Each structure stands twice: as structure tokens, then as C-alpha cells.
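Subject: Structure for you to look through

Hello,

I am passing on the structure below, and I would be glad if you read these notes with it open beside you.

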Amino acid sequence: MTYFPEEVVERIFDFLATHRDRNAVSTVCKTWYRVERLSRRSVFVGNCYAVRPERVVARYPRLRSLTVKGKPHFADFNLVPHDWGGFALPWIEAAARGCPGLEELRLKRMIVFDESLELLARSFPNFKVLVLISCEGFSTDGLAAIATYCRVLRELDLQENEMEDRGPQWLSCFPDSCTSLVSLNFACLKGEVNAVSLERLVARCPNLRTLRLNRAVSVDTLSKILARAPHLVDLGTGSFTIDHRAEAYHKLINNFIKCKSLRSLSGFWDATPRCLPAVYPICGNLTGLNLSYAPAIQGADLIKLIRQCSKLQRLWVLDCIGDKGLAVVANTCKELQELRVFPSDVYGEGIAAVTEEGLVAVSSGCPKLISLLYFCHQMTNAALITVAKNCPQFTRFRLCILDPGKPDPVTNQPLDEGFGAIVQSCKDLRRLSLSGHLTDQVFLYIGMYAERLEMLSIAFAGDSDKGMVYVLNGCKNLRKLEIRDSPFGDAALLEDVGKYETMRSLWMSSCDVTLGGCKTLAAKMPRLNVEVINEMDESDELEENPSDLHRVEKMYVYRTVAGPRNDAPDFVWTL
Amino acid sequence: MSTMSEMERSSTEMEVGYEETALTLGLPGGSRAGGSDQQERKHGFSETADLSHGSSGIETRRGGDLGDESPDCAASGAGRPPASKARVVGWPPVRSYRKNALRSCTYVKVAVDGAPYLRKVDLETYSGYHQLLIALQEMFSCFTIRDRRLVDLVKGTDYIPTYEDKDGDWMLVGDVPWKMFVASCKRLRLMKSSEAVNIAPRAPQ
């Protein structure tokens, strides 16, 4: 293909849809490498410490869209100290210097300071899309900078961030000339916003299709907004609490009826059953529904609502839906692809809300189900085997039995056979989270059958090193492995050290690996960063030179071409 | 949801608050009623309270709700489930954002008919209706619990616990499961039974 002019090669590369394919063609020859890098518009960095930002920017100067992920996944569950790292600033600085044409930035689990947002806002005249997921470190002041300086902003999407509220002014910083917004999500903001500014902003953005309000936005304001923006496709309601004023309620219903394009609803903060009928007019069109922040909507009211949502593809609910409610889902939502059932009682001490019955019902009634997140109080092997038979097309299967290490309550057996059936039947399974009482046997099954598996989460499972070895030897496509509270030690860790260079990362906490084992791994594999995280409290006698036999509490291993990082805090040792 | 020590702590805190303010401003009941009636469990909703109580304190068996531990379980040494059901860091795997969002502010005002000012209680610190009543009894020390109501034995008046829910309706305390009550209660009012003619009856489902 060397006789094709480069413009033609570039056009051909345009047809490559995935990062993987583009990465692959860049390794063919020097010409292709050059063509690919100069025409690359979008880069995804799965681990911000795997490569230096300057290097990315130097290689792809025409970058328009950058996605970077920071902390390991278990940071979501408070297993990673807050100041472990994952700073956005170096990325924004490098892009400001090297890719002035940047239009989109997506960050997940990173620390983003207001100064970083200000730099971002001022550095890219064409900046259009900012998505921050599970980030922290910034405040509404940073948002004000984005609103003020990003003249052609299309998307501001804040999902589940820990952000400081410094007042409602930020929303008023969108200038009157800003009419380009397509998507605005500030649902995670804790404080008030100025209702008038919000209404005006909505009114002057005719292309607005996604709007997710926060808890502080009243139903009155929501009504007015719906009246101004009947073309919304995706709505996150605010507090959705209506008091006795019938007039407000009727206005709301009337405004909902006008929203013929509405396909996705979320929010419902503080919603009570009384308000639900307001959305009945549009239920029949909904493809997405998130009621997982509405604990006061239970039982019969929930069922009544779901019975009207026959087109649902994505449903997020709390476990107070019960097995009965899930049976209704199974009967009604024949298009369902993704189901998430969250625990309403987060410490898992309450009455059993959903069990294996609900899951079996959904698996049998919803033929298109491919993605599951299910928190329940118990699960049986028989149920899992049935689910595996009913739904061989699962790509994501995450089951969390709230009581760690709980066996099948009917047979008292571990759940090895059940999960084994899942991995054997679901040939396209890419993501799996295990729970319940599990022995090494389940890992034998996973190693044998889970060929497409990319991410595996293990907690309180396994008997011996053999378990982990089965997985490392068997799962050819494994990218991320995260393990907690399981009896895997140095022998397993060091069985196949080369494997870790084929993976993005390995996390192990409260397992049996020792400092010596980690040091050995680090010595053998220079292109891995082996991080040991030592959070010491005062009672700890651990000094500067702990013995190699000392068990390591938290270990994070990842491949990198950037070498050891230079921003690690004191308690993180890169061996 | 609350352990015994938390309950004791919250009672102590309420006593401290009471001492600071109550005596000089004349809350109903000047002196402590002797011997609170905590043994009385013949209440209509004590079953409700027990149902929603869930497990309190710490269980030491793995496999929690199961009957006898099977030999398989004990011998296999499988996994590393925590020895107690005491809260394990990061388990269940729910994001803090979600945990915080669902934990709405559960402090509610408590008004007593005839009292010059209100108190506040944190509903989350109680594991059920019975604990709530006990706390109210201790907060307004003239009261004794009798059959879902709070009775001022000295004055001979009794008070029915009612609450305003998120829809703005005034409801009788005790009808719905405890957790649903905590999620929907906006404020409490101890209503003199002589005024309680229009209490919302239990809503049919």
C-alpha cells in the first residue's frame, strides 16, 4: 500500500472505528505511523500513569477529543486513599501547549482543581464537550470559568462528582450569547441554582436535548423549564416533590404531555408516589428510567409506573422493587437491555428485598438483556444456571450478594457451579463481578470458559493461589483484575509475570502478597509500576524498613511507558 | 440500623440538651416520671418495629441468616469473609456518592401540642418505632409509652404521635414500614388525643 498517496491512506483510516484498530495500523510501518498520528482525532488513555501527557500530545498534535481515567476502580468504594493521585492538571497543561484544537475532554476518577478548569476554559477556543465522572477537587468556581470562556460549549456533563458548592453564580456566567448547549447535567451539584438564570439559559439554547437538574431545583422551576424546552430527550428531574397545590401539579402534567421527544428520565430526588402520575403521559415512550434515588417509591406505585413503560431498554431501580416488581418488569419490558438493582439499605441489614427469584424472572422475560448489576440478599446455583440458560448474551454480569461469602442458602454449597454456568454460557461476557461463597473451582471455570472476559472483580473468594493462577492462565483478553480479601499470595502473583504487561492493571488488597513478592515482581518487570499503598495509623509499629515477609495491605500494578510516577504521595511506594 | 451503643449515646445527648433548656422554660412535665415502661411490648406496631428492625449489633457467624453452619462451610476456608457482620470497608460495593445521596437529612422537628418550643431528632439513629417512642419519652420526660401513644400520667392527657409526610399529609405514626417512614417523614407532632379526630387512616394499597 506504499504507492497510495498519504491522503488516501488517511481516508481509509477514517473508516476505522475503534481505538484498537487505529493503534494496530500505526504499528505497520513508518508511513502509516505518521499518517495515523497526524490524522488521529480521538485518544483514550485508560490509565493516566501509563503514559506521559506530553508524549500523547506530541504524538497526536491534531487531537480533538481526549479521554483519561485516573484512580483504580476500587477507589469508588473508599479503598484508595483520597490523595493517591490521578491529577488532571498535567494533561490539561500538556494539551494547552500541544493541541490547541482540543474540543472534548472526558475525565473519570481524577482530581481536577479549579485552576485546571480555568486553564482549560482559556486554552481551547473550540472547546465543546466537558465530561467529569466521579472526579473531585473542584468547585462551582471552576464551572464558572467554563461557562464564561467556552464560547461554543455544547456539553457540560457532571456525573457523580464530589464538588464544592460556592454559590449559584456559576450558571449566570453563561453569557447571553451562549446558545449552543445540547447537554447540561449538574445533578450532582449540592447547592441551589438561580431559577431565573436556568430558565433563561434553557430558553436560549434551542438544541438542548439533555438536561439533568439537581436536587435543589423545585417542581415549579421544572414545570417552567419543560414549557420552554419541550424537545428534551433526556431529563433529570429536580426534587420532584409536590405539595398540595393542585395547580402546580396540573401544570406539571400538562408540560410533561408536551414533551413528545422525552426518552429518558432520571433524578426523582425526594419523589413520593403522589407525584408519579405526572409522568404517566410519557411513560410509553421511555427507553431509559432511573428511579434509584427515590427510596420513597416502592411496591405498588413502582409497579404501576413500570407497567406503562413497555419500551424500556435501561432500568435502574432500588431493591425495594422486590421480586414481585421484577416479575412485572419481566412481563412488561420486553426491550430491556440493561438492569441495575441497587440496595436501598446500604449496610445490607434490612429485610430481604430481592432474591434469586426476581433475577430468574427477568432473565426469562427479557430476551434482550445483556447488562446486569444486581444487589441481593441471596442467590442459588439453580437460579444462576437458569439465568445462564435464559440469557446467553450477557456482556456485563455483576452480582453482589450483600453478605460476603454467603453460600447457596438452599444447598449450602458454594456458588461455583452457578457462576460457572454463566461464564460457560455467555460467550461474549466482557465484565464479571463475583460474590458469595466461592472456592478455587469457580476460577477454574472462569479460566476455561471466559475467553472474552476483560474485567474481573473478586471479593472474599477462593481457597488458594491456584484460583488466581487459573484466571491469569486462562483469560486471554483480561485487562483489569481487581481482588480484595482473598487468599492469593506471592506464588500466584509471580506465576506469570509477563501477563501483567498484557493487562492494564492489577489491584490486590487484603490478600496474602508480601512486600518481598512485590519487590520480586518489580525487579523482574521494569515496565510495570508496582505500587504498594501503606496507610499507617498511629498504632502501627511499621517503620521505614519493614521486612519482606510483611503482608502488603494494598497493591496496585500497572503497565506503563512513563516509568515511576513523580507525584506519588508518601504512603505510596513504587518499588 | 443503629447499634446499642449508638442508641445509648443518642439518649445521653438528648438528656444533656434537656438539662440545658427544659426546666426553666417549663416543658410539659416538670419532674422525671419514675420507671419508664420499656417492657411493654403489647403494641400493635411492635411487630412492625421488629420486622423492620433487621439485625442489630454484631453477628459472628459467617453465612449470617442460615441455620447451623455446615461442615463444608467451616472446613473449606473459602474466601475471607469477615468474621463479623460489622461494617467492612468498601462493602457492599456502592459508591459514596450514592450512599450520601440516599442518606437524606433525617433530622426532623418534634412538636408537642401545648409546648412552647420544638425539639429535633435524627430518625436514622433509631432502628424502629419502639426506639423512637423511647427516645421521645426520654426527651419529654413526663411521658410514658402506652399502646402507641405517649401519656402524661400526671396531667392525664395522652398524645398520639403523628407526622407530616413528603406529600404534606398528616399521618399516624406506625402504619408503614420503618424505613419508608424515615424516608418520608418531614416532621413529627405529638397531638393531643382530644384533637385527633381527623387522623388519616391506614391507606389501602
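In which loop of chain A does A:N78 lie? A:N78 is in the loop between strand 2 (65-69) and helix 5 (89-98) of chain A, where helices (H or I, at least four residues) and strands (E, at least two) are DSSP runs, numbered from the N terminus.

Before going further, please keep in mind that this is a predicted model, in which local features need pLDDT of at least 70 and side-chain atom pairs count only at pLDDT 80 or more, while totals for chains, interfaces and linings use all residues. Residues are numbered from 1 along each chain as its sequence is written, chains are lettered from A and ligands numbered from 1 in the order in which they are written, and side-chain values use heavy atoms, with hydrogens and water left out.

The model scores ipTM 0.88 and pTM 0.79. Chain B has an average pLDDT (the predictor's confidence in each residue, from 0 to 100) of 65, and 52% of its residues score at least 70. Over residues 1-78 of chain B the pLDDT stays under 50, although the model has 140 contacts (heavy atoms within 4.5 Å) beyond four places in sequence for them. Residues 200-205 of chain B also stay under 50, with six such contacts. Where pLDDT is low, the predicted coordinates should not be read in detail.

Two backbone details deserve a look. Most residues other than glycine have a negative phi, and most peptide bonds are trans. A:N78, which is not a glycine, has a positive phi of about 65°. In chain B, the peptide bond from B:W91 to B:P92 is cis, with omega near -5°, and B:P92 lies in the loop between helix 3 (71-76) and helix 4 (96-102).

Next come the helix pairs of chain A. Two packed helices are described by the angle between their axes and the distance between the axes; the axes are lines fitted to C-alpha atoms, for helices over the stretch in contact, and angles run from 0 to 180 degrees between N-to-C directions.

Helix 9 (residues 195-203) of chain A and helix 10 (residues 219-228) of chain A pack at about 15°, with axes 9 Å apart, and they are therefore roughly parallel, a term for angles under 35 degrees, just as over 145 counts as roughly antiparallel, 65 to 115 as roughly perpendicular and the rest as oblique. The contact joins A:A195, A:L198, A:E199, A:V202 and A:A203 of helix 9 to A:T221, A:K224, A:I225 and A:R228 of helix 10.

Helix 14 (residues 322-332) of chain A and helix 15 of chain A pack at about 0°, with their axes 8 Å apart, so this pair is roughly parallel. From helix 14, the contact involves A:D323, A:L326, A:A327 and A:A330, and among its partners in helix 15 are A:L359 and A:V362.

The axes of helix 15 (residues 356-365) of chain A and helix 16 (residues 381-390) of chain A come within 9 Å and cross at roughly 15°, so helix 15 is roughly parallel to helix 16. Here A:E356, A:L359, A:V360, A:S363 and A:S364 in helix 15 meet A:A383, A:T386, A:V387 and A:N390 in helix 16.

Best wishes
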